[in-house]
Amino acid sequence: MIGLISATAAGAAARDRLASAWPSRTRVYEGSVGDAVRRAFTECEQVVCFLATGAVVRLVAPLLRDKHVDPGVVCVDEAGRFAVSLLGGHEGGANALSREVADVLGAEAVVTTATDAVGVAGLDTLGVPVEGDVAGVTRAALDGEPVALHAELAYPLPALPLNVTPQSIHPAPDAVPTLPQALDSARAGGTPIAPAEPLPTAGVRITDRVVQPADREVVLRPPSLVVGVGASKGAPVDEVLGLVRDTLRDAGLSPLCVARLATVDAKAGEPGIVGAAEALGVPVVTYDAGTLAAVTVPNPSDAPLEAVGTPSVAEAAALAAGGELLVPKRKSVRADGKPAMATCAVVRSAPRGRLAVVGLGPGARDLVTPRARDELRAASVLVGLDQYVDQIRDLLRPGTRILESGLGAEEERARTAVAEARKGQAVALIGSGDAGVYAMASPALAEASDDIDVVGVPGVTAALAAAAILGAPLGHDHVSISLSDLHTPWEVIERRVRAAAEADIVVTFYNPRSRGRDWQLPKALGILAGHREPGTPVGVVRNASRADESHRLTTLGELDPAWVDMMTVVTVGNTATRRIAGRMVTPRGYRWQHPVPDTTDHTGTTPKESS
Ligand code: SAH
């Protein structure tokens, strides 16, 4: 809940605008300002004060505990010009909230957290648990001091500043204690905690081992571990959870790195497993018995084979998605000496890189979606056509590795992007419009294997950007056809144009005409003209949403191909499409609608047909 507090009439007006914009997220605190701030501070996750920063500082100072529990606080000035993130920028969410408040009020967000201000990824905003001296190491990174990055595990991090230098991507073989070493140490009564090597400078360590962060060191905890669990019917939560915790501790592995518990389908609802997963804050994934029976494991046995149809549950479920078995099957030990009811095994997953396929929209900066921006900032490697890279260079984090290439290098770009992701990197592959429409997504995904994570970010494709300029030409069934016969034989293209013509579908032509390719567009329009009147509206849009955007609305009979080039899309209406008040409109055919002015003999799907 977001608590809202104001003192003046202007403040109250701004407060009410926010409250009506977010009715279910906000609560207005009335009464004396001091009292209201104190109540909101303890009752809400976030607080917006329509008060001077100085006043708010004095009021909240006695209430501060620490940044992990204090709410995020945003101040808005009397004139409503600024939304200042005052307290809890990251963990309290005040930086993000200040931007949201600014959007609603038409104000400017003021964010002073150093990492946000200079565009560097905050170590506590990487989406993985973090331990150690976050403030000290962040300071060092921002001050340009050398910061050593010890990545014992590959994990797809966003770009880090250039002074953060990798020391080694994989651990030296003796850096990670083997299980027998860890168990020996535990049995001997010693601590299984491996000491971190002393660091000469500030450092960032990525590991799933239990380590005590050194001075000026931050330890990032990627979700690298899968714990396979088996449980007899009715096994208590404490027994399953205790076994998992003890096993990780004895192996010197951090519970913060557990990504999920894995088991057999038949145990999906077993309360002991479900409860243990809840306590660890991880999901349960399950596999069918046949899949588990096919996994080669070191310790198969007869009991689970009889009970659930696979000779191994814990080891097989842990290994089902691949990876390295760190801890073979262990059984729980019961204080009452009765037979164990739970088993578990721990696997370290193979590192998974991340490929984001990001559509940048047709050109205008405000048609780049917020999600596309976030993905660009989550990447450490950017792959794209040089002219698209230029469009968004300023949105990238400092230190992002840019792999750009020219027109025609599509296959190479696709291969490069996938290869970088397979190394464990966070890669963004960009394309204009939507990256899946006549663009990079298909060649990239044709290359990609299932050992990387892929996310697609949709973009506004040229057909939609053009339609918005023309009016409402896509109000009924429509299709896109590329007239480029570079990779597609002309016969195939022609067959599709003919089908669209016969089916009376609105058509948007991409790649309609280039210097070397000039007969295809007239030919395609001729096919459509065989089924549509010469007066059928046609929209020609060049450089939609870019600085030199232009468009014209013409007809099938009058279109001059000389207006069209490779920066253009051409949208041809169906037999019901009309020009209304200078705009291109394809009716939905609603029965309640008045018939649109009809200038041809065709009725198509217009309301006339049904009236
Ligand atoms: N992925 C892109 C399409 C790439 S194919 C998208 O989704 O939009 C390239 C063709 O798209 C160009 O020849 C042109 O026909 C069309 N195109 C791309 N951007 C355009 C724009 N801003 N205005 C008009 N046409 C555009």
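1. The structure, a predicted model, holds two cavities of 30 Å³ or more. The largest cavity contains about 70 Å³ of space. Twelve residues line this largest cavity, and those closest to its centre are A121, L123, A141, L160 and P161.

2. Which element gives the most to the lining of the largest cavity? Helix 6, which spans residues 134-142, does, with three residues.

3. A separate point concerns the packing of two helices. Two packed helices are described by the angle between their axes and the distance between the axes. Helix 18 covers residues 490-502 and helix 19 covers residues 520-529; they pack at an angle of about 30°, and their axes are 8 Å apart. Helix 18 is therefore roughly parallel to helix 19, since angles under 35 degrees count as roughly parallel.

4. Is the crossing of helix 18 and helix 19 left-handed or right-handed? Helix 18 passes helix 19 in a right-handed crossing. On the side of helix 18, the contact is made by W490, E494, V497, R498 and A501. Helix 19 contributes Q520, K523, A524, I527 and L528 to this contact.

5. By class, the residues in the contact of helix 18 with helix 19 are six nonpolar, one polar and three charged.

Definitions and conventions:
Residues numbered from 1 in each chain as written. Predicted model: local features only at pLDDT ≥ 70, side-chain atom pairs only at ≥ 80, totals over all residues. Heavy atoms only, no water. Axes fitted to C-alpha atoms, helices over the stretch in contact; angles between N-to-C directions. Helix = DSSP H or I, 4+ residues; strand = E, 2+ residues; numbered from the N terminus. Parallel < 35°, antiparallel > 145°, perpendicular 65-115°, else oblique. Left-handed = near helix turned anticlockwise from the far one by under 90°. Contact = heavy atoms within 4.5 Å. Nonpolar A, V, L, I, M, F, W, Y, C, P; charged D, E, K, R; others polar. 1 Å grid on protein atoms, 1.4 Å probe; cavity = no way out; pocket = protein on both sides within 12 Å on 5 of 7 lines; lining within 4 Å. Points joined across faces, edges and corners; volume = space filled by probe spheres on them.
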